[in-house]
Amino acid sequence: MVGFTRGGRAWAAFAVMMLGSEGCVTGHLLDAALRREQPFSYHSAAIDADRLTLGYTALITNDAGKALARKERRAAIPLPALRRTDLPVEAFPVEQLADDAPLAGRQLAIETRDPSGDPSSYLEVETAPDGRQKHFVLHDAAGGPYAPFYSNALTRTSTAPWVYPLLPLGAAVDLATFPILVTFFPVLLLVGD
Amino acid sequence: MRRSRGRAFQGLLPVLWLVLGCAGGRLPSAHGRPPFRFPADTFAFANQLLMEYDIDPVTRDISWHPKEKPPEFVLRCGAMARAARQFYSVAQFDPSAPVADDATYAHLVREVLDTDPRDPPDKAVVIPGYHDLRDLSEAHASLLKGLLAGPWETYLQRGNWRLIFPFGGEQQQQVAGRLLDELARGWPPIVHVVRFPERTINHLVLVFDSEATPAEIRFRVYDPNDAERPVDLVFDRGARVFTYSATSFFPGGPVKAYEVYDGWLY
C-alpha cells in the first residue's frame, strides 16, 4: 500500500471489495440489460471479391431468451474461411458492417430448397423448426466447395442503456451486502451436504 | 499499521479467490469403467414435481401452482444426481449372484451413499442379484427412496453459494470446456442449472455424453425428474450460452450452468 494516498487506498479497497463480490447486484442488473442478437432470416447475399456480404434480419433477445425486437444487419465473411471445415464459430472471422452498408458485387439468390434460377451460385439456407435460419451453405461453381456457415457466428451482444443510471445504486448495495455474503458462504460450505 | 492492513488484505485474498469462482476442483483419476449408460446407470423412478407447471405453447411463458395432492418424493434432484454418480463410480453389480434380502441391500446402498461423491474410493461395493442401478431401483424403489437423502441435501448443496453470482460468457465457455474434459476422462460431471434471480429453473443434473460441432456442444444429461429419456444441455459456441431443453417443468431456453460436487468449494 506504500505510495497510495488515503483516498487512493479507499478507492482501491472499494475496487477490491467490488471484485470480491463479483458485483452480485450490478452483475445481475447488467445481465437483465444484456441484449443478444442472432440472425433470424437472410434476405440478401453477394460475393464481393474474396468475401461474402450478407443482409439479414436479426432477432434480439434478452438474457433469458425472450424475443424483444428485430433489426436489419449487414456482415461480411471472408471466402477462404468459408472453405474451411475445422473452424468453430467462436473463431470464425466475421466483419460487422454498418446497417446501411451497400451489398456490392455479384448478387446471389437465397434458396431454402432446390434453386429455381441460376443453379450454379446461390445460398442454400436451412430453416430450423422455430423459423430461424440457423445455417447456410454457399454454392458457387467459381470458388467452392464451401463448408456450412452457422448463423451463431454472427452473434452480437449489447447492453440496454437504461441500466447505466442504476449501476451506482447496484454498486452501493453490493458494497453493503458484501460482508453478509462473506459470512454466509463459509457457513454453507461447513454445513452443506 | 501498514503491516496490519497488509495482513487484512492477505486475509481477503482467499475470500476473493473463493467468490471469484476461480477455484476449480481437481479432476478425479480415470477409473477404467465403461462410460455412464442411460438408462442402465440411472434410477428407475423419477424425482416428482412439487408443482403443476403450465407452459404457454406460443409465448413459452410459464406459471405454476401446487398440486392438489402433494407428491411424497420431491425436491430430490440433488440427492439423485449425486447418488447416481456414486453408484456409477463405486457399485459393482453382480447379476450372477443370488438376490439378497432387503437388509443386505439397505446396508450396501448405505455403503455406496456414504462414499465421498467428489473423490470416490478405489474399493468397489458389490451388489448381488442385479445388472445395474436401473434394475436394482426397479426392484427396490421404496428402499432406495427411503435411503436417499431428503430435500435438505439439495438445499444445502455446498456449491449453492455460487448460484447467486452472475455468470459471464467466458466463464460459461470454461464450464463447457471443463465438462468436455471430464467426460473425456470418463467422469460424468454433475451440473447445477439455474436462472437466478428468476425462479424458472434451479436444478441438478448429471452430464454423461457430448457431441461437439463447429456451432455447438450438445451435452446429454440424466435429469432426475425424467427416468425415461435423457435431456439436452446445449452450449451455443457463438453466444457462449447454455440452453436447456423443454421439459414438463421448463419451457426450454437459456440457463446458467456450473459444476457441483467438484472440489471442496462446490
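## Basis of the model

Residues are numbered from 1 along each chain as its sequence is written, while chains are lettered from A and ligands numbered from 1 in the order in which they are written. In this predicted model, local features need pLDDT of at least 70 and side-chain atom pairs count only at pLDDT 80 or more, whereas totals for chains, interfaces and linings use all residues.

## Chain B and its domains

Chain B contains seven helices and ten strands, taken as DSSP runs (helices H or I, at least four residues; strands E, at least two) numbered from the N terminus. Of its 266 residues, 36% are buried, that is, have 20 or more other C-beta atoms within 10 Å of their own, with C-beta atoms placed from the backbone.

An automatic or database domain assignment divides chain B into domain 1 (51-154) and domain 2 (158-260), whose C-alpha centres lie 20 Å apart. Between them, 14 residues of domain 1 of chain B are in contact with 14 residues of domain 2 of chain B, a contact being two C-beta atoms, placed from the backbone, within 7 Å. On the domain 1 side, β1 (51-55) and α2 (77-90) of chain B each give two or more residues, and α2(B) provides the largest share, eight residues.

## Phe92(A)

Phe92(A) lies in the loop between α3 (79-82) and β4 (95-97) of chain A, and counts as buried because it has 21 C-beta neighbours inside 10 Å. Leaving aside residues up to four places away in sequence, Phe92(A) touches Ala81(A), Leu87(A) and Ala153(A). Phe149(A), 57 residues from Phe92(A) in sequence, lies 9.4 Å from Phe92(A), C-alpha to C-alpha.

Key: Buried ≥ 20, exposed ≤ 12 C-beta atoms within 10 Å, placed from the backbone.
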